[in-house]
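Visitor: I am new to this structure and would like to be guided through it slowly.
Guide: Please look at the sequence and the model first, and then ask whatever you wish.

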Amino acid sequence: MTTKSLSHGLWAASAPEAPPTPELDREIHVDVAVIGAGYTGLSAALHLAELGRSVAVLEAEVPGHGGSGRNVGLVNAGMWVMPDALRQNLGEDLGGRMLSFLGDGPSAVFDLINQHGIDCEATRRGTLHCAVGSSGLTEISERAQQWSALNAPVEVLAAKGAAEKLGTKAFEGALWDHRAGTVQPMAYVRGLCCAAMKAGALVYGKSPVTEVGQGPDHWTLTTPTGKVHADWLIAATNMYTASVWPELATSQVVLPYFNMATASLPADVLASILPERQGAWDTRSVLTSFRLDQAGRLIFGSVGQLGVEAAIHAGFAQRSLRAMYPQLGEISFDYQWWGQIGMTPDNLPRITKLGRNALAVSGYNGRGIAPGTVCGRALAHHIAGNLPISEIPLPVVDLTPDPMRTARGLGYRAGAAALHAVAQRV
């Protein structure tokens with residue numbers, strides 16, 4: 001078993017070459033400075049540039065280094081929270097607008113991919129939320145009913161229909177969300193970067209922001225070798241925030257998530273697994289996800305951090321895949337990688353005002369691709385004067401450090417490792 005790149009694994013290996021993003025080595029003036037070159041930051045930069053604003057993106061490492069280049073690649077609609085619960089928590093007006101905003105997120109992603117010719121293995125055949133046992137079937141049925149009441153194109157597949165889509169009889173059914181799909185996440189973020197730069201945005205890699213200063217009419221961002229002066233500031237770093245505004249991370253609980261990928265499967269085996277190439281995940285509390293990439297590699301993910309627990313999680317992944325797809329035979333993984341998911345108290349993203357003309361969006365709760373894309377677009381239109389902040393359908397909140405953040409994060413990590421050590425054993 002190899003462990004190529006524990007941070008980005010298969011995605012770094014199979015994505016198109018990254019665009020050159022030189023280090024900032026001078027002092028510049030722009031309309032908008034963006035910290036973080038992930039989905040949110042690059043979507044904001046792309047749309048700002050298209051709206052005629054000058055924009056500079058400062059990335060501490062390289063575009064996609066954080067969660068954007070590490071995840072599963074499921075382009076899902078909405079959030080984990082049930083639609084009815086979301087409207088109860090936020091109110092009928094804000095909750096209803098948020099459901100539409102995030103429910104339309106996959107369309108925004110695939111439209112951008114088509115518009116800019118982004119080569120990212122985009123496949124829009126929906127996703128499958130797989131029911132584990134009768135309780136899981138009840139859950140997906142209720143979720144489908146609530147989305148259907150909002151005219152969302154979703155349907156519940158009974159056990160037989162789910163087995164046809166999945167290639168396994170391991171589940172009681174599945175919720176098929178036709179809005180959704182899959183991408184190669186690192187390829188998508190690199191494509192966004194290329195599109196933003198082509199539109200006129202400046203993107204600087206290896207340029208960590210070490211200091212932020214607020215003047216009477218502009219912001220000054222300092223890096224080790226340069227400065228950016230800007231009228232507006234967007235902090236798009238989420239869980240990978242370092243010294244500047246660490247509360248973006250400390251107000252969330254860390255949920256580690258790993259992925260492992262096999263070699264390309266033989267054609268006869270590949271034909272029997274996820275034949276229509278939907279991405280899938282299940283209803284377990286410690287969920288698992290599985291999907292195929294363009295080269296026919298089977299990618300399996302679940303909660304957990306690699307490192308000392310890597311062998312435990314790999315054993316769980318092998319047992320789980322063998323139980324679902326015995327035709328795989330002996331299972332080994334060519335790639336392993338992991339990242340951090342930021343979990344907010346209400347499992348919803350939020351906007352934070354960091355000062356005059358300074359905004360952040362954080363807390364995608366494991367669904368960063370579509371929400372990050374549409375949130376970045378919304379921030380761009382707000383800064384351009386086209387969209388009042390009150391019309392961006394996200395709650396605007398102050399950041400409050402979670403005093404139990406470390407303990408809960410360690411609890412997730414230890415609990416997942418303990419469960420995976422025994423789960424699926426026969």
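The questions below go from the whole chain to one of its strands.

Visitor: How many helices and strands does the chain have?
Guide: The model shown here is predicted, and its elements are counted along the single chain discussed here. The secondary structure of the chain comes to 13 helices and 18 strands.

Visitor: Why can the chain be called as compact as a globular protein of its length?
Guide: For 426 residues the globule rule gives 22 Å, and the radius of gyration of the chain is close to that value, so the chain is as compact as a globular protein of that length. The radius of gyration itself is 21 Å.

Visitor: What share of the residues is buried?
Guide: A residue counts as buried when its relative accessible area is under 20%. Of the 426 residues in the chain, the buried ones make up 59%.

Visitor: Is strand S6 enclosed or open, and how many of its residues are buried?
Guide: Strand S6 covers residues 173–177. Gly 173, Leu 175 and Asp 177 point one way from S6, while Ala 174 and Trp 176 point the other way, and all are buried.

Visitor: Which residue of S6 is the bridge partner of Ala 131?
Guide: Strand S4, residues 127–131, pairs with S6 in the antiparallel sense over five bridges, and strand S5, residues 154–158, also pairs with S6 in the antiparallel sense over five bridges. From S5, Ala 158 stands opposite Gly 173. In S6, the bridge partner of Ala 131 is Gly 173.

Definitions and conventions: Residues numbered from 1 in each chain as written. Predicted model: local features only at pLDDT ≥ 70, side-chain atom pairs only at ≥ 80, totals over all residues. Heavy atoms only, no water. Helix = DSSP H or I, 4+ residues; strand = E, 2+ residues; numbered from the N terminus. Rg over C-alpha atoms; globule rule 2.2 N^0.38 Å. Buried < 20%, exposed > 50% of the residue type's maximum accessible area, 1.4 Å probe, protein only. Pairing = 2+ DSSP bridges.
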